[in-house]
Amino acid sequence: MEKEKRHTENKKKYLETIKKLEIELFSEFKNGDDIHTPEGNSYFYFAPSRHVNTRLITKTDINDLISDDSKTLLSIGSGSAFLERLLVKLGVKKENITLSDIDPKHLPKEFKSKIFDMYGSWTDLGDEKYDLIIFPESVLINRISGANYQGRRIEFLYHLILQALQHLKSNGKIKMSIQSENLNINKIKQRLRKRSYKLRIALRNNLLEVKDEATV
């Protein structure tokens, strides 16, 4: 009980540290909001603290990237890269982070970046592989509507996972924030199993995590 209490307190303190840093770095979040919608832009971006709070990226993930120069991060749909810029401030090497987006307009030029539609082909990545692949902004499956709503959500998600797996290092992880309820991922698990992938896939509290079974 005491150990769990200390863990909760440490997590809270770390989140407070992240919030303080994001306010120092980004005027967009100085009012305490954790969502920013640029004027004239149809997209919106989450504050880094939201990603830490939802466990899209954890203190352990961040420390691994800081302590091991060989570990690399790919951010899919990174937009203005609020999270990635904060990671650099925390000590992650900029050259170990690759941004990607369908629109290069908002991507910071000081980072390596790739331009492609995540729902299309990821050929711009070539044969590059990463230890951690995250989807920080854009996996909003519940925006898909119309006929065969459930089936189309599954197809989109399966495509994203399959593409990401082709660029994932051994023992790597894929993490997605999915704003969607009642999403049954069993069909995705079955299809990936047929392709001989040995993975652990879990969906909890709108966070989808895919990792090699060797890491479990």
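Modeller: In this predicted model, Lys 173 is part of strand S7, which covers residues 168–177.

The contacts of Lys 173 come next. Leaving aside residues up to four places away in sequence, Lys 173 touches Asp 61, Asp 131, Leu 132, Ile 133, Leu 168, Glu 209, Val 210 and Lys 211. A further distance can be given for Leu 199: this residue is 26 residues from Lys 173 along the chain, and the two C-alpha atoms are 9.8 Å apart.

The strand that holds Lys 173 can now be placed in its sheet. Seven strands form an open sheet with mixed pairing, in the order S5-S4-S3-S6-S7-S9-S8. At its edges are strand S5 (112–115) and strand S8 (199–204), each of which pairs on one side only. From one strand to the next, the twist averages 15°.

Within this sheet, S7 pairs with strand S6 (residues 130–135) in the parallel sense, over five bridges. Across this pair, Ile 133 is found opposite Ile 174 of S7; Ile 133 is also one of the residues that Lys 173 touches. Helix H4 (residues 82–90) packs on the sheet, where it touches strand S3 (73–76), strand S4 (97–101) and S6. The direction of helix H4 makes about 170° with that of S4.

Technical notes:
Residues are numbered from 1 along each chain as its sequence is written. This is a predicted model: local features need pLDDT of at least 70, side-chain atom pairs count only at pLDDT 80 or more; totals for chains, interfaces and linings use all residues. Side-chain values use heavy atoms; hydrogens and water are left out. Helices (H or I, at least four residues) and strands (E, at least two) are DSSP runs, numbered from the N terminus. Contact means heavy atoms within 4.5 Å. Two strands pair if DSSP finds at least two bridges between them. Axes are lines fitted to C-alpha atoms, for helices over the stretch in contact, and angles run from 0 to 180 degrees between N-to-C directions.
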